[in-house]
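Please examine the chain shown below before reading on.

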Amino acid sequence: MKINDKKKALKIINKVAIVTIVVNLVLAVGKFLAGIFGHSTAMISDAVHSSSDVLSTLIVLVGARIAVKNEDKDHNYGHDKFESIASILLAMLLFATALALGWTGIKSIAAAAKGGEFVKPTLAALIAAIVSIVVKEGMYWYTIYYAKKLDSQALKADAWHHRSDAFSSVAGFVGILGAMLGVYVLEGIATVLIALLIIKVSYDIVKIVLRQLTDHAAPEELVGKIYKTINDDEDVKNVDLLKTRISGSIIYVEAEIAVDRELSIVEAHDIAQRVHDKIETTFEEVRHIVIHVNPY
């Protein structure tokens, strides 16, 4: 995480989680009432969806709280990967949501094609859909702001969960408006398209997280900058080896540098320590660095 103060990071995570849970519960109650009085089964389904979103926020909260814990005897390199695990679970929830939406859309299209009977919703349901779109999109921007501030993949996934809810509300809006106008097939078409978009989002999240969990090397551009930072030191004769790996949201670096073979152990150590400190201060995403000294 970009914020080095773990207590501050945890405080932010707790705040975002509480705001999200409260908003989802209030929104769920509002949608449920609008669905009943507005004669809209789509809005009632959306209300159930909003109430179930509390689960995703709890997953983020648990994963992030574990991730910010300090190293211990069982986890010498910290707990950052727990956040990646939480992100995987959220991606699975997004994928399941997309499948459910897609199936609902297909059934809606089939029912419209058969000329089935539909109950015409009222203006209350349409207004509720608009409010849901605005609130959930607002929650996306609220959550993504802190996700970027903390460099938290789990919060980013939860932000996209908010946006997927906004998309589903867009489908609800289209469907309700279409039903009010007598064009019942619109909701099914919009729902299927949105489901495909959410599947793409869940795939992108999994792809990023798998890079974190499989110790993928850092981006070439960043590796090049780290190499230059080491090589620019006047006492470093050569960079014999440079390895990087992404673990959770942080990057580990291993380097071998060649220095004048006539230097004392203390002098060689001081050079290695200087290079170590320079990398840590220059690249905030790098947490742990091992510098090995070779004779030149």
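This is a predicted model: local features need pLDDT of at least 70, side-chain atom pairs count only at pLDDT 80 or more; totals for chains, interfaces and linings use all residues.

Residues are numbered from 1 along each chain as its sequence is written, and side-chain values use heavy atoms, with hydrogens and water left out.

The protein chain has eight helices and three strands; helices (H or I, at least four residues) and strands (E, at least two) are DSSP runs, numbered from the N terminus. Read from the N terminus on, the elements follow the order α-α-α-α-α-α-α-β-β-α-β. The radius of gyration of the protein chain is 25 Å, well over the 19 Å that the globule rule gives for 296 residues, so the chain is more spread out than a compact globule. That radius is taken over C-alpha atoms, and the globule rule is 2.2 Å times the number of residues to the power 0.38. The C-alpha trace spans about 90 × 35 × 30 Å along its principal axes.

Of the 296 residues, 43% count as buried. Here buried means under 20% relative accessible area, exposed over 50%, and partly exposed in between (1.4 Å probe, protein chains only). Ala195, in helix 6 (residues 185-213), is buried, with a relative accessible area of 4%. Ala195 and Thr104 are 91 residues apart in sequence, and their C-alpha atoms are 9.8 Å apart in space.

The surface carries several patches. Patches are made of residues with over 30% relative accessible area and no salt bridge; like charges are joined within 9 Å, and nonpolar side chains (Val, Leu, Ile, Met, Phe, Trp, Tyr) within 5 Å. A patch of positive charge is formed by Lys8, Lys11, Lys15 and Lys149, and its largest share, three residues, comes from helix 1 (residues 6-37). Lys15 belongs to helix 1 and counts as partly exposed at 38% relative accessibility. A nonpolar surface patch of about 500 Å² is made by Val29, Phe32, Leu33, Ile36 and Phe37. Phe37 also lies in helix 1 and is exposed, with a relative accessible area of 62%. Negative charge gathers on the surface at Asp260, Glu262, Glu267 and Asp270. Asp260 is placed in the loop between strand 2 (250-259) and helix 8 (265-282), and is partly exposed at 34% relative accessibility.

The structure holds seven salt bridges, a salt bridge being a side-chain nitrogen of Lys or Arg within 4 Å of a carboxyl oxygen of Asp or Glu. In one of them, Arg163 pairs with Glu137, the closest N and O atoms being 2.4 Å apart. Arg163 lies in helix 5 (residues 153-181) and Glu137 in helix 4 (residues 123-150), so this pair ties together parts that are 26 residues apart in sequence. Arg163 is buried at 14% relative accessible area, whereas Glu137 is partly exposed at 23%.

Arg274 forms a salt bridge with Asp235, with the closest N and O atoms 2.8 Å apart. Because Arg274 lies in helix 8 and Asp235 in the loop between helix 7 (220-231) and strand 1 (238-247), the pair ties together parts that are 39 residues apart in sequence. Salt bridges that share partners join Asp233, Asp235 and Arg274 into one network.

Notes. Accessible areas come from the Shrake-Rupley method with a 1.4 Å probe; for residues, only the protein chains shown count as cover. Lys and Arg count as positive and Asp and Glu as negative; His and the chain ends are not counted. The place of a charge is taken as NZ of Lys, CZ of Arg, CG of Asp or CD of Glu.
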